[in-house]
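I opened this model to look up a few local features. My notes follow in the order in which I took them.

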Amino acid sequence: ELTGLDFVAGLGAGLGRPVRAVHLPTAAARGLASVADRVRGVFGPPFPSFRASVRFLEGGNPFTSAALIRDLGWTPVVSHREALPAAVRDAASLNA
C-alpha cells in the first residue's frame, strides 16, 4: 500500500516532475488547511478539502486493497508503486 507521501511522489513520477517534501508540524498543517478551506469557501465550494488532504498525507489513506485481498483473495499483478505513475502518464497523454 502507498502512504500519502508515496502517492504524491507517484503522481510526480508519472508527470516527470520531482516532488519536494516540505515538513510542517502537524498542528501547523491542520491550521493552514482549515484557514485555506474557509477562504476557499468564500470564493466557491470548498471541495476538495485541504483538511482531507492533510489527513491523507498523515496516513489516513482510504484507498487500500485490504478488503480485496482479504475477501476475494485478489493479488495485484502490478505494484501500486509501478501502477500509479503509469496511470498518471496515460491520463496525461490523453489530455496532451
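Entry 1, a backbone contact. I started at the backbone nitrogen of Phe50, which lies 2.7 Å from a polar atom of the Asp37 side chain. The model is a predicted one, and I keep that in mind for every value here. I then looked up where Asp37 sits, and found it in helix H2, which spans residues 26-43. Is Asp37 buried or exposed? Its relative accessible area is 3%, so I noted Asp37 as buried, the cut-off for that class being under 20%.

I searched for ring pairs and got 1 aromatic pair in the structure. The two partners are Phe7 and Phe56, with ring centres 5.3 Å apart and planes at 85°, so I recorded the pair as edge-to-face; an angle over 60 degrees is what that label needs. Which elements does the pair tie together? Phe7 belongs to helix H1 (residues 4-15) and Phe56 to helix H3, so the pair links parts 49 residues apart in sequence. I also checked the accessibility of each partner. Phe56 has 13% relative accessibility and counts as buried, whereas Phe7, at 28%, counts as partly exposed.

I next asked for the volume of the largest pocket, and the value came out at about 570 Å³. I listed its lining, which comprises 20 residues; the closest to the pocket centre are Val22, His23, Leu24, Ala29 and Leu57. Which elements give two or more residues to this lining? I found H1, H2 and H3. H2 gives the most, with 5 residues. I then sorted the lining of the largest pocket by class and wrote down 14 nonpolar, 4 polar and 2 charged residues.

I located Ser65 in the loop that runs between helix H3 (50-57) and helix H4 (66-72). How accessible is Ser65, and is it buried or exposed? The relative accessibility is 6%, so Ser65 counts as buried. Which residues does Ser65 touch, leaving aside those up to four places away in sequence? I listed Glu1, Trp74 and His80.

Cross-check. Phe7 is down as partly exposed.

Technical notes:
Residues are numbered from 1 along each chain as its sequence is written. This is a predicted model: local features need pLDDT of at least 70, side-chain atom pairs count only at pLDDT 80 or more; totals for chains, interfaces and linings use all residues. Side-chain values use heavy atoms; hydrogens and water are left out. Helices (H or I, at least four residues) and strands (E, at least two) are DSSP runs, numbered from the N terminus. Buried means under 20% relative accessible area, exposed over 50%, partly exposed in between (1.4 Å probe, protein chains only). Contact means heavy atoms within 4.5 Å. Rings of Phe, Tyr and Trp (its six-membered ring) pair if their centres lie within 6.5 Å; planes under 30 degrees apart count as stacked, over 60 as edge-to-face and the rest as tilted. A polar contact is a pair of N or O atoms within 3.5 Å; within protein, one must be able to donate a hydrogen and the other to accept it, and residues adjacent in sequence count only if both atoms are side-chain atoms. On a 1 Å grid over the protein atoms alone, a cavity is a set of points where a 1.4 Å probe fits but cannot get out, and a pocket is an open set with protein on both sides within 12 Å along at least five of seven lines; lining residues have an atom within 4 Å of a point. Grid points are joined across faces, edges and corners, and a volume is the space filled by probe spheres set on the points. Ala, Val, Leu, Ile, Met, Phe, Trp, Tyr, Cys and Pro count as nonpolar, Asp, Glu, Lys and Arg as charged, and the others, Gly among them, as polar.
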